[in-house]
Amino acid sequence: MTAEVTTDRTPGPPGPSGCGGAYAPRPGGAPVVRMITAQAALETRMLLRNGEQLLLTVVIPSLLLVLFSTVDIVDTGAGRAVDFLAPGVLALAVMSTAFTGQAIATGFERRYGVLKRLGASPLPRWGLMAAKTLAVLVTEVLQIALLTLIALGLGWSPRGNPVSVALLLVAGTAAFSGLGLLMAGTLRAEATLAAANLVFLLLLVGGGVIVPLERFPDAAQTVLALLPISALSDGLRDVLRDGAALPWGELGILAGWAVPGLAAAARFFRWE
Amino acid sequence: MRPRPHRAATAHPGFPGWPDPRRGPGRDPAPGPGGRAPLPRLPGMNNESAVRVRGLVKRYGAKAAVDGLDLDVRSGTVTAVLGPNGAGKTTTVETCEGYRRADTGTVRVLGLDPAADAARLRPRIGVMLQSGGVYPGARADEMLRHMAKLHAHPLDVDTLAERLGLGSCGRTPYRRLSGGQRQRLALAMAVVGRPELVFLDEPTAGLDPQARRATWNLVRELRADGVTVVLTTHFMDEAEALADDVAILDGGRVAAQGSPEQLCRGGAENTLRFTGRPGLDLGSLLKALPDGTAAAELTPGGYRISGTVGPQLLATVTSWCAQHGVMPDGITVERRTLEDVFLELTGKELRS
C-alpha cells in the first residue's frame with residue numbers, strides 16, 4: 001500500500017493506485033429481482049424500526065382491540081364484541097400501514113432526498129414502488145398475525161373463506177396505498193404528517209372500525225359507507241363474522257378508490 | 001465529431017479556448033491494474049468526452065438558471081465546475097444526472113441522453129447529492145451496504161467505509177451522523193457501484209481539513225483508476241489541487257474553461273519582486289527583457305517587474321543581477337491564482 005500523499009495537482013502517473021486499482025470501473029446494476037428484494041427488506045426494516053410508526057401500526061390497533069373487546073364502552077350490536085371488533089381492527093391495521101405509515105414515510109423520504117438519490121441508482125422507479133408495496137404487505141402480514149393471535153386469545157371465532165379475506169385486504173391495501181402515495185408525492189412532508197394522522201383519526205372514528213355505522217344518522221351512514229375504511233371493515237366483517245362468500249359491493253368501493261387513487265399518484269407524484 | 005471552439009474563447013479573448021481533446025495535454029485514463037483490460041476504446045466512436053453539453057438552457061419560471069452553457073468533460077479526467085452560489089452548477093450537474101430535462105440544448109453523458117436513456121445511464125454513473133439521500137433511520141453501514149446491493153460488482157463495503165473514516169460510525173443512524181460523516185457517506189454511496197463517471201456536488205463542503213484531505217485523496221485514486229470525475233466546488237484550492245480542467249460558471253454560462261495552468265497563464269500580467277541596492281539602472285535591465293515588460297523601483301531598493309513571468313524571464317533577471325553584482329534578495333514570483341481569474345471574470349468573490 002502506497003497511499004497517495006502528494007499535494008500537487010498531478011496525482012502521480014496514471015495507473016493502479018495504492019489500492020491496486022480498487023476503483024477501476026466495473027459498472028452495472030444488480031438483477032432487478034435482487035434490487036427489489038433488497039429495497040423491500042430495507043423499507044420493511046425502516047418501518048419496523050420507527051417508533052412512531054409502530055405506535056400507529058401495532059400499538060394502537062392492539063390496544064383498541066383489547067380495550068373495546070374487554071370493556072363495554074361502545075355498543076357493537078348483537079353478538080360478541082370481539083367478533084365485531086377484530087375485522088374492524090384488521091382494516092385499521094391495513095390503513096395504518098398502507099395509508100398513514102406509507103404516506104408519512106414516503107413524504108419524509110421525498111423531503112430528505114432519499115427518493116431522489118435512489119432515482120440515480122440502478123433501481124428503476126417502478127422497482128422502488130414494487131419494493132414499497134412488498135414492504136407494506138410484509139408489515140401487514142406481521143400485523144395481521146399479531147392481531148389475529150390477540151383476537152383469538154380474546155375468544156374470537158372467525159368464519160368465512162380466507163381467499164375472500166385476502167382479496168379484501170389486497171384491495172384495501174391498493175386503495176390506501178394510492179391515497180397515501182398521492183398525499184406523500186404532492187404535499188410537503190409536514191403537511192403529509194399532519195393530514196395523514198388526522199385522516200387516520202377521522203376514519204378510525206367514522207369508518208365502522210370500533211363504532212358501528214348504524215350509530216350514525218342515516219344520511220351520514222350513506223356517505224360513510226363509501227369510505228375505503230368502511231368498505232374494508234364492513235367487507236371483512238361480512239366474511240369473518242357473518243360468513244359471506246365475497247362482498248362484491250365493498251370490493252367495488254375499494255376498487256373505486258384504488259384505481260383513481262393509484263392513477264392520480266402515478267400522474268402527480270413529484271419525486272423531489 | 002470535432003468540438004467547436006469554446007464560446008469563452010471569444011467572450012473572453014484573454015483566455016484560451018477549450019483545447020482539442022485529441023491534441024490537448026490530457027493524460028490518458030489509467031489502464032486497468034495488472035491483468036485487467038484497459039477501458040474499451042470502440043473504433044469510430046468519440047470516447048474522449050464523458051460529458052458533452054451544448055447550448056444548455058434551463059429555466060425556473062422566468063429566471064434562467066442555466067443560460068446557454070457548453071461543457072466538455074474528457075474521459076478519465078477530473079473536471080471542477082466552479083462558481084458562486086446561483087451560478088448554475090447544481091442545475092448543470094443535475095441535468096447531466098438525468099434529474100432535469102434541458103429546455104433547449106443537448107446533453108450527452110457517456111454518449112447517452114440522460115433524460116431519455118436514464119435506465120441505461122444510471123448503472124454507469126455515481127451520484128453524490130449536495131445533501132440528504134439517506135433514510136434518517138438507516139445506519140451508515142446499512143445504507144452503504146444497500147447501495148452496494150443495487151449494483152452488480154460493488155466495491156467491498158468495509159474497505160471503502162474504512163478508507164473514508166466511516167468505520168467507527170457504521171452503527172450510527174444517519175440522523176445522528178455529523179455533517180462531515182454524512183458527506184463522506186454520500187461520497188461512499190456514489191462510488192460503491194464502481195461507476196465509470198461520478199458526479200460530486202460540493203463533496204467537501206463543511207468538512208474539516210483532515211476529512212477534506214481524505215476526500216481529495218479518494219478523488220485522486222478514482223482518477224488514477226480511470227474513473228471520470230465531475231465535481232462542483234466553491235473552493236479554488238480544491239479545483240487547483242484536483243482538477244485537470246476547470247469550468248468557471250457565472251450567471252448560468254461558462255465564463256472560462258481550461259486547465260488551471262491555462263486559466264492562470266492568460267489575461268492579466270504576473271509580477272516578480274525582489275530587493276537589491278537602491279538605484280539600479282532599470283533601463284539596462286529592460287533592454288534584456290522582452291517587449292511588454294515593465295520594471296519599477298517602488299521603494300528604495302524594492303523592485304517590481306511585471307509582464308509574462310516565466311522561467312525565461314526569471315533567468316534573464318537573475319543573470320542581469322549577476323552581471324551587475326546585485327544579490328536579488330527575497331525574490332518572489334506572484335502568479336495569478338484561480339481566485340484572481342475568477343474575480344476578474346465574475347467580479348464576485350467565490351464564497352459570499
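In chain B, Tyr60(B) has Lys63(B) of S2(B) as its bridge partner, and strand S1 (residues 49–60) of chain B is joined to S2(B) by nine bridges in an antiparallel arrangement. This is a predicted model, in which local features need pLDDT of at least 70 and side-chain atom pairs count only at pLDDT 80 or more, while totals for chains, interfaces and linings use all residues. Residues are numbered from 1 along each chain as its sequence is written, chains are lettered from A and ligands numbered from 1 in the order in which they are written, and side-chain values use heavy atoms, with hydrogens and water left out. Helices (H or I, at least four residues) and strands (E, at least two) are DSSP runs numbered from the N terminus, and two strands pair if DSSP finds at least two bridges between them.

**Three-stranded sheet of chain B**

- The open sheet has three strands in the order S2-S1-S4 (chain B), with antiparallel pairing.
- Its edge strands are strand S2 (63–74) and strand S4 (104–109) of chain B, each of which pairs on one side only, and the twist from one strand to the next averages 15°.
- Helix H2 (residues 89–96) of chain B lies across S1, S2 and S4 of chain B and runs at about 120° to S1(B); axes are lines fitted to C-alpha atoms, for helices over the stretch in contact, with angles from 0 to 180 degrees between N-to-C directions, and contact means heavy atoms within 4.5 Å.

**Six-stranded sheet of chain B**

- A further open sheet, of six strands, has the order S5-S6-S7-S3-S8-S9 (chain B) and mixed pairing.
- Strand S5 (125–128) and strand S9 (253–258) of chain B stand at the edges with a single partner strand each, so one side of each has no neighbour in the sheet.
- Strand S3 (residues 78–82) and strand S7 (residues 228–233) of chain B pair in the parallel sense over five bridges, and Thr79(B) has Val230(B) as its bridge partner in S7(B).
- Helix H7 (residues 209–224) of chain B packs on the sheet, where it touches S3, S6 and S7 of chain B and its direction makes about 150° with that of S7(B).

**Nonpolar cores**

- A nonpolar core is a set of buried Ala, Val, Leu, Ile, Met, Phe, Trp, Tyr and Cys residues joined through side-chain atoms within 4.5 Å, where buried means under 20% relative accessible area, exposed over 50% and partly exposed in between (1.4 Å probe, protein chains only).
- The largest nonpolar core has 71 residues, and Leu144(B), Leu160(B), Leu185(B), Leu200(B) and Ile248(B) have the most contacts inside it; helix H6 (residues 179–191) of chain B gives the most to this core, with seven residues.
- Leaving aside residues up to four places away in sequence, Leu200(B) touches several residues, including Met128(B), Leu187(B), Val219(B) and Val230(B).
- A second, separate core of 48 residues includes Val89(A), Phe99(A), Met183(A) and Leu251(A).

- Ala166(A), found in helix H6 (residues 162–186) of chain A, is partly exposed because its relative accessible area is 38%, and its C-alpha atom is separated by 9.5 Å from that of Leu236(A), 70 residues apart along the chain.
- Gly167(B), in the loop between helix H5 (157–163) and H6 of chain B, counts as partly exposed at 38% relative accessibility, and its C-alpha atom is 9.2 Å from that of Ala140(B), 27 residues apart in sequence.
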